[in-house]
Amino acid sequence: MAFTHQRLSFMEKAGYSCGDAAANLVFMSMILFQLNFYTDVFGLSANTAAAILLWPRLWDAVFDPVMGVLADRTNTRWGKFRPWVLWTSVPWAVVMVLAYTAPDPAWGWSTGMVVAYAGITNTLLMTLYSMNNMPYSAMSGVMTGDLNERTKLNSYRFVSVNVAQFAVGGLTLPLVAKFAQGADRAHGWQVTMTIWAVACLVLFLVTFFTTKERIKPISETKSSPRQDFADLLKNGPWISLVAYTVFQFGMLALRGGAHYNYYHHYADKAAMFDFVAALGLTTPDTAGTGSLADALGYIVHGTRDQLASSNVADVFNSIINMAGTATTIVVIMASMGLSARYGRRAIGVVCFGLCTLTACAMYLLPPDAVWAMLGLHMLSAVVYAPTVAVMWSMYADAADYSEWQTGRRFTGMVFATIGFSLKAGLALGSASFLWLLAGFFGYDTQLPSAPNAIAGYRFASSFVVGGLFAACTLCLMANKLDKNTTLRMADELAQRRRQAGASPDDDGGSARAVPATA
C-alpha cells in the first residue's frame with residue numbers, strides 16, 4: 001500500500017509545538033481560573049460572570065468559520081495558515097494583559113463600566129485566539145500527508161501543550177499570591193499574566209520561523225463558503241467530531257471551575273497543610289525563606305491553626321495540577337505508537353470510557369482525603385492522555401475525508417468549524433457551571449463556602465464531568481473513520497496526487513482530484 005512519506009525534522013516538530021504551548025498559556029488560564037477571576041477579583045455576580053464568559057466565546061465560535069474562509073483563501077509566500085501566527089502575535093500579547101487587568105476602584109468606574117470592560121477585553125482576546133489558533137491548527141494538515149507523521153507531530157504539539165499547562169496550572173496561583181503581597185490580588189494577576197504574555201510572543205515567533213507548509217490543494221479553492229459548508233454536512237466523521245468537541249471542551253471549561261472551587265472550599269485546609277508540610281513547603285516564619293520555592297509562591301507561611309487566609313489551597317491546587325500534567329506528558333510520549341496499532345477511534349472510545357469512571361469516583365472522596373485526590377487526579381491523567389494527540393489527528397483525517405469525497409480540500413473550513421464547536425463548548429461549559437450552581441444549589445458568589453455551594457462543587461466535579469466524558473465516548477463510537485478506513489483513504493489520496501502529476505512529497509500542488517466512489 002502506498003503512503004505519503006513526508007518526514008519532518010525534530011526542529012520543525014518542536015517549533016510547531018511552540019505555537020500551541022503559547023496558546024495554552026491563555027487557554028488554560030481561561031479553563032482553570034477565568035471564571036473565578038471574574039467572580040473573585042472583578043467582583044461580578046454568578047449570572048453576570050456567566051454572561052461575560054458566554055457571549056464573547058459564542059461570538060468567537062461564530063467568527064471561527066469566517067476565519068476558516070479567510071485562511072483557506074489566504075495566499076502568501078509563507079503559505080495560507082502560517083502567516084496568521086505572525087500577524088496576531090503582538091496584538092495577542094497586548095490584549096492578554098488588558099484582559100487580566102482589573103479596573104482600580106480608585107478610577108471610580110460604575111458596575112456597568114466594569115462589566116463592559118470585562119466583556120470587551122475578553123471578546124478581543126477570544127477573537128485574536130481564533131485568528132491565531134485556527135490557522136495554526138490547520139497547519140498540521142498541510143505540513144505532511146503521512147498519517148503516522150501527523151500523529152507524531154501532534155504528539156510533539158501536545159507534549160508542549162502539557163508543558164505550558166504544567167506552568168499555568170502549577171505556577172499561576174502561587175505567583176498571583178506572591179505578587180499580591182503588599183498590593184492586592186488584582187495586581188498579582190496583572191503581573192503574572194504579563195509574564196505569560198511575553199512568553200506567548202516569543203513562542204509564536206519560534207513557530208513562524210521553524211515551520212513550512214507543504215501540501216497544497218490539488219485545485220485551489222474556487223467554491224463558495226456555502227458550498228464548502230454544504231459539502232461538510234455530507235461528512236459523517238466531521239459531524240461526529242463537531243459533537244464530540246462541544247462535549248469535550250464543555251467538560252474542560254466546567255471541570256476547571258468546578259475543581260478550583262472543590263479544592264479551595266471542599267478540601268480540608270488542615271489536611272492540605274499536612275500534605276504540603278510533608279513536602280517541606282511550609283514555614284512558621286512570615287518573613288520568607290529566600291528559597292526558589294518561596295520566590296515562586298510555593299511556601300505556606302504560618303502554622304496549622306492559621307489557615308483561613310493562607311495560600312495553602314493555592315499551593316495544593318497547583319501541586320494537583322502539576323502532578324496531573326506531568327503524568328499526561330509522560331503518558332503521551334509513552335503512547336505515541338498506540339494509534340498506529342489500534343487506530344485513533346479505538347483509543348478515544350476506550351480512554352474516554354475510563355475517564356467517565358474516574359470522574360464519577362471523585363464524588364466518593366471525603367474532604368480530608370487529599371492523598372486520594374492526588375492519586376485519582378493522576379489516574380485520570382493516565383487514561384485521558386492517549387486521547388490528546390490522536391483526537392487532533394482525527395480532525396486532519398476529517399479534512400482528508402472531505403477531499404476524498406469531493407475532490408476539493410478545504411482544511412481551513414474543517415478546522416474553523418471544529419473551532420466553532422470548541423468555542424461553543426467552552427462558552428456553554430463555563431456558563432453552565434455557574435447556571436447549575438445558581439439554579440440548583442442557590443449559589444452566591446459572596447458565600448463560596450456555604451454548604452449548598454460545596455454540594456454543587458462536588459456534584460459538578462464528579463457526575464456532571466463524568467456525564468460529559470460519556471457523551472464524548474458515544475460521539476466517537478459514531479465516527480466511522482476506523483483504522484482500516486483511514487489507511488485506505490490516505491492511500492487513495494496519495495495515488496490521486498501522483499496521477500495528477502505531482503508527488504505527494506512535493507511542495508507544490510497539482511490538478512483536480514477525483515472524488516471518492518466508495
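## Surface and overall dimensions

The protein chain exposes about 19200 Å², of which carbon and sulfur atoms supply 65%; accessible areas come from the Shrake-Rupley method with a 1.4 Å probe, and for residues only the protein chains shown count as cover. This is a predicted model, in which local features need pLDDT of at least 70 and side-chain atom pairs count only at pLDDT 80 or more, while totals for chains, interfaces and linings use all residues. Residues are numbered from 1 along each chain as its sequence is written, and side-chain values use heavy atoms, with hydrogens and water left out.

Along the principal axes, the C-alpha atoms of the protein chain fill a box of roughly 75 × 45 × 45 Å. Buried residues account for 61% of the 518 residues in the protein chain; buried means under 20% relative accessible area, exposed over 50%, and partly exposed in between (1.4 Å probe, protein chains only).

## Secondary structure and fold

The protein chain contains 18 helices and two strands, where helices (H or I, at least four residues) and strands (E, at least two) are DSSP runs numbered from the N terminus. The radius of gyration of the protein chain is 23 Å, close to the 24 Å that the globule rule gives for 518 residues, so the chain is as compact as a globular protein of that length. The radius is taken over C-alpha atoms, and the globule rule is 2.2 Å times the number of residues to the power 0.38.

Among contacts in the protein chain between residues at least 6 apart in sequence, 82% join residues at least 24 apart; contact means heavy atoms within 4.5 Å.

## Packing of helices α4 and α7

Two packed helices are described by the angle between their axes and the distance between the axes. Helix α4 (residues 89-99) packs against helix α7 (residues 185-210) at an angle of about 170 degrees, and their axes are 9 Å apart. That makes α4 roughly antiparallel to α7. On the α4 side, the contact is made by Ser 89, Val 90, Trp 92, Ala 93, Met 96 and Val 97; α7 contributes residues including Trp 196, Cys 200 and Phe 204. The residues of this contact divide into 12 nonpolar, two polar and no charged.

The axes are lines fitted to C-alpha atoms, for helices over the stretch in contact, and angles run from 0 to 180 degrees between N-to-C directions. Angles under 35 degrees count as roughly parallel, over 145 as roughly antiparallel, 65 to 115 as roughly perpendicular and the rest as oblique. Ala, Val, Leu, Ile, Met, Phe, Trp, Tyr, Cys and Pro count as nonpolar, Asp, Glu, Lys and Arg as charged, and the others, Gly among them, as polar.

## Buried residues in helices

Thr 207 lies in helix α7 and is buried, at 0% relative accessibility.

Cys 355, in helix α14 (residues 344-361), is buried with a relative accessible area of 1%. Neighbours within four places in sequence aside, Cys 355 is in contact with Ser 380, Val 383, Tyr 384 and Phe 469. Cys 355 and Gly 79 are 276 residues apart in sequence and 39 Å apart in space, C-alpha to C-alpha.

## Partly exposed and exposed residues

Phe 166 belongs to helix α6 (residues 147-180) and counts as partly exposed at 32% relative accessibility. Setting aside neighbours within four places in sequence, its contacts are Leu 171, Met 322, Thr 325 and Ala 326. Ser 449 is placed in the loop between α16 (411-441) and α17 (451-477); at 45% relative accessibility, Ser 449 is also partly exposed. Not counting residues up to four places away in sequence, Ser 449 touches His 265 and Ile 454. Ser 449 and Tyr 262 are 187 residues apart in sequence and 9.9 Å apart in space, C-alpha to C-alpha.

Phe 440, in helix α16, is exposed with a relative accessible area of 69%. Between Phe 440 and Ala 427 there are 19 Å in space, C-alpha to C-alpha, and the two are 13 residues apart in sequence.
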